[in-house]
Protein chains: 2
Amino acid sequence: MLLYERFRDLVRTETPVALATVIDGPNVGAKLMVVREGTTETVEGSLGNPDLDRVAARDVAGELEAGRTGVRHYGPEGQATPEDLVDTPTVSVFIETFAPPPQMWIFGAVDFTAALGRVAKVLGYRVTVCDAREIFATKRRFPMADEVIVSWPAPMFERRGHTLGPRDAVCILTHDPKFDVPAIQGALATTVGYIGVMGSRKTHNKRLERLAEVGVSGARDLERIMSPIGLDLGGRTPEETAVAICAEIIARRTGHGATSLKNTSGSIHS
Amino acid sequence: MLLYERFRDLVRTETPVALATVIDGPNVGAKLMVVREGTTETVEGSLGNPDLDRVAARDVAGELEAGRTGVRHYGPEGQATPEDLVDTPTVSVFIETFAPPPQMWIFGAVDFTAALGRVAKVLGYRVTVCDAREIFATKRRFPMADEVIVSWPAPMFERRGHTLGPRDAVCILTHDPKFDVPAIQGALATTVGYIGVMGSRKTHNKRLERLAEVGVSGARDLERIMSPIGLDLGGRTPEETAVAICAEIIARRTGHGATSLKNTSGSIHS
């Protein structure tokens, strides 16, 4: 009851919150809640076992960050998969997120856009594709997108830039200074968490010159622009590039180094 | 005609080959072919422009590696996207791959399996899910999988391990030594390009002891085992973990370092 009132107040104030409820196993109905206020995450309630709570809270926080809802399965003490192959009781937990999904805006209706949109959808993003060219920016070419918008970047940011925040991403794949310079300017004016821009190193250097001409030259702005976009995976296809971009978005949000876990030390989920 | 005969012989000998044909733009019908014999790639034919050939050959090789077929668009001299937003002629190239798609075998019908399967499908893998537990290893739980097989690892590798090669991946998500030790042994006996094993560092260290007990302790074998699996992206959801795994598979195949391209130098597609 206390949890309900707390939950009601959080939803009223539009504070992102995720509720986990045991739907099968011991303690059916037990609830745990993860609340994110600014950059602070707090855990309230219990699923009935402290080890299960610890593991589940981590997963619930992950779902909250991704703005997703689903069912997860654990061993009675939070084992990711029961150690025994058969006859092990499992705990099924329904995780429900009360927060808008993160947004990804992709500028440029190019070959890479569809692949990036598909991987972004797996990650739970609300995907918006934006291009000024009416014949390319069509829902038919990008069926995975939640929205396809025919627009230049500036009006798009004027209208909706205020809805972007730290969980969101802007990916600029246009290769065209007429389009990508105003898109970068628009993105920098928001608090969006990730700004990536596609292009060779030569294109990148030319772009820096053009950005300087329009007054974008501060170290803090340039630090935010991930260009060339993506991790250096050496991939060649649009799909491999999409994985390289999404991997960079995740690593940049968490501040992790993106080397192989095999070659690092310490806890994986620190 | 010469190209046809060469192509016919390659298909006869089951040599992976990708054909690129101009289907719109100048030189409709012009063909370029990328052939992979062992680790050597050769480019034959031309699309009618040396710069276009260079860019397209790179993309065709990427499609060949992924075993995929599709249409790509270029500027007349191979520009990834025409510099001008309107009225620029483009060259449409149909790329057709004649090689089986790469395989991903996922051991363990767990929560992470479905997410990994979805990202792997975007990358063009033929996905096989394998688990000994009949109630978990179902097509219904893994609709994205091309095959769901109820089996212990050893018989699976005995029957089909010889079909795995350098383009393929084995991902072991079971967390169970009864299952993952024989899966690792089976994978090491093949020429599969990637072997990743999920688990905390503690699980990993215990697993190393068990592997030593069954005779797996050589540096060369241990070097092949990517464990804990994936790049260190700091992600928490199954989907983020799937991106971390696929990113590691790509980087390991190409030998690239997986840091942000922003923080490296040199050509992106070297």
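A word on the ground rules. This is a predicted model, where local features need pLDDT of at least 70, side-chain atom pairs count only at pLDDT 80 or more, and totals for chains, interfaces and linings use all residues. Residues are numbered from 1 along each chain as its sequence is written, chains are lettered from A in the order in which they are written, and side-chain values use heavy atoms, with hydrogens and water left out.

**Inside chain A**

Chain A is split into domain 1 (3-98) and domain 2 (103-263), with bounds that come from an automatic or database domain assignment. Their C-alpha centres are 32 Å apart. Six residues of domain 1 of chain A touch four residues of domain 2 of chain A, where contact means heavy atoms within 4.5 Å.

On the domain 1 side of chain A, helix H2 (residues 50-66) gives the most to this meeting, with three residues. Helices (H or I, at least four residues) and strands (E, at least two) are DSSP runs, numbered from the N terminus. That side of domain 1 has two nonpolar, one polar and three charged residues. In this scheme Ala, Val, Leu, Ile, Met, Phe, Trp, Tyr, Cys and Pro are nonpolar, Asp, Glu, Lys and Arg are charged, and the others, Gly among them, are polar.

**Between chain A and chain B**

Now for the two chains: 77 residues from chain A and 77 residues from chain B take part in the contact. One salt bridge joins the side chains of Glu41(A) and Arg236(B), at 3.2 Å, N to O.

Here are the two interfaces in numbers.

| Interface | Buried area | On carbon and sulfur | Salt bridges |
|---|---|---|---|
| Domain 1 and domain 2 of chain A | about 360 Å² | 39% | zero salt bridges |
| Chain A and chain B | about 6,400 Å² | 54% | six salt bridges |

Buried area is the accessible area (1.4 Å probe) that two parts lose on being put together, summed over both. A salt bridge is a side-chain nitrogen of Lys or Arg within 4 Å of a carboxyl oxygen of Asp or Glu.
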